[in-house]
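Welcome! Keep the structure open beside you and try each exercise before you read its solution.

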Amino acid sequence: MARYLLHRLWQSLVTLFLASVVVFVGVRALPGDPALALAGEEADPATLAAVRADLGLDQPLVVQYGAFVKNLFRGDLGTSIATGTPVTDLIATTLPVTLWLSLYALTVAVVIGIGAGVVAAVHRGRWPEWIANGFTLIGLSVPSFWLGILAILYLAVGLRWFPASGYVPVLEEPLRGLYYLTLPALVLGTALAAVIMRQTRSSMLETLSADYVRTARAKGMRERRVLSRFALRNSMIVVVTIIGLQLGGLVSGAVVTERIFGLPGFGKLTLDSVFTRDYPVIQAVVIITTLAYIVINLGIDVLYSLINPRIRVGGKA
């Protein structure tokens, strides 16, 4: 296990290096000039040249990349070109918003998805399965921005159950903060819940038809115990994989959801930095997102062995 983790750590470092190169070159290939955005449309060539020199944009790409990596190892993500604020301060302000939203949406998706999937599998061919399948169809078919608009119109403006926009820090006022995040989390978690429900139902049906489940039933084991000890537990291996792969969808979906509900999160920061050609912010966002993906995938691998002890990462059982 330790050897496997070291191998994965090496792969992670290579992935981070490649991601840093791609984003560094990619943002500089974008149309537009950050010096022009900072100095203004009316700036003369001498002023633009001075701004570029001040930002280090007049240096060769290799020199700029070397400075970027050097600062990265020192924990310095640079300074925002657009606002002059250290990027670490911007991320420290916006990242908690997105983390709370994603965690809340993931909780909603897991609870609804697994619950509906189990009900659909146990009640196969009856009305609970039809309702669950209908929910899956809606969750996979309706775009998140359209679902967000409908939620604001009916649940926020019409019924006044939730606020249409705004944010309260969860750590400062937990209940009020979660209340403000409930509607965005429902919108963001719906698509993932549909995917989890479909996968849970499929895995449960496959497991319930296995020989060891029929043997357990033949020995007189109660149905509830069969479901919890064999069917659900073994089905979770595939479901956990799907959740891990779909977490990236939560991050990308958060960009749209934060925009709709006016949340000051990571997604809003990303969009604003792209519009202003804010190179340091874009680079930091991509590096942190890549690191998050790596940590999530590594965590999923570790979860395998916790859910099913027969599995040993490395191929031995």
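Helices (H or I, at least four residues) and strands (E, at least two) are DSSP runs, numbered from the N terminus. The model is predicted, so local features need pLDDT of at least 70 and side-chain atom pairs count only at pLDDT 80 or more, while totals for chains, interfaces and linings use all residues. Residues are numbered from 1 along each chain as its sequence is written, and side-chain values use heavy atoms, with hydrogens and water left out.

**Exercise 1. Describe the surroundings of T290.**

Step 1: Find the helix. T290 is part of helix α12, residues 279-307.

Step 2: Decide whether T290 is buried or exposed. Buried means under 20% relative accessible area, exposed over 50%, and partly exposed in between (1.4 Å probe, protein chains only). T290 counts as buried because its relative accessibility is 15%.

Step 3: Look for partners. Contact means heavy atoms within 4.5 Å. Setting aside neighbours within four places in sequence, T290 is in contact with T15, L16 and A19.

Step 4: Check the side chain. The side chain of T290 reaches the backbone oxygen of V286 at 2.8 Å.

**Exercise 2. Describe how domain 1 and domain 2 meet.**

Step 1: Locate the domains. The bounds come from an automatic or database domain assignment, which gives domain 1 as 1-74 and domain 2 as 95-311. Their C-alpha centres lie 33 Å apart.

Step 2: Count the residues that touch. From domain 1, 20 residues are in contact with 14 residues of domain 2.

Step 3: Find the buried area. The size of an interface is often given as the accessible area lost when the parts come together. Buried area is the accessible area (1.4 Å probe) that two parts lose on being put together, summed over both. For domain 1 and domain 2 this area is about 1,600 Å², and carbon and sulfur atoms give 75% of it.

Step 4: See which helices take part. On the side of domain 1 that touches domain 2, α1 (2-28) and α2 (34-39) each supply at least two residues. The largest share, twelve residues, comes from α1.

Step 5: Sort the residues on this side of domain 1. There are 14 nonpolar, four polar and two charged residues. Here Ala, Val, Leu, Ile, Met, Phe, Trp, Tyr, Cys and Pro count as nonpolar, Asp, Glu, Lys and Arg as charged, and the others, Gly among them, as polar.

**Exercise 3. Which residues are linked with K268 and D272 in a network of salt bridges?**

Step 1: Recall the idea. Side chains of opposite charge can pair when their charged atoms come close. A salt bridge is a side-chain nitrogen of Lys or Arg within 4 Å of a carboxyl oxygen of Asp or Glu.

Step 2: Start with the pair. D272 and K268 meet in a salt bridge at 3.1 Å, N to O. These two are about one helical turn apart because four residues separate them in helix α11, residues 266-275.

Step 3: Check accessibility. D272 is partly exposed at 29%, and K268 is partly exposed at 34%.

Step 4: Complete the network. R259 is linked with K268 and D272 in a network of salt bridges.

**Exercise 4. Compare the accessibility of D211 and R214.**

Step 1: D211 and R214 both lie in helix α9 (residues 211-218), three residues apart. Their side chains form a salt bridge at 2.4 Å, N to O.

Step 2: Apply the cut-offs. D211 counts as exposed at 55%, whereas R214 counts as partly exposed at 45%.

Note on methods. A polar contact is a pair of N or O atoms within 3.5 Å; within protein, one must be able to donate a hydrogen and the other to accept it, and residues adjacent in sequence count only if both atoms are side-chain atoms.
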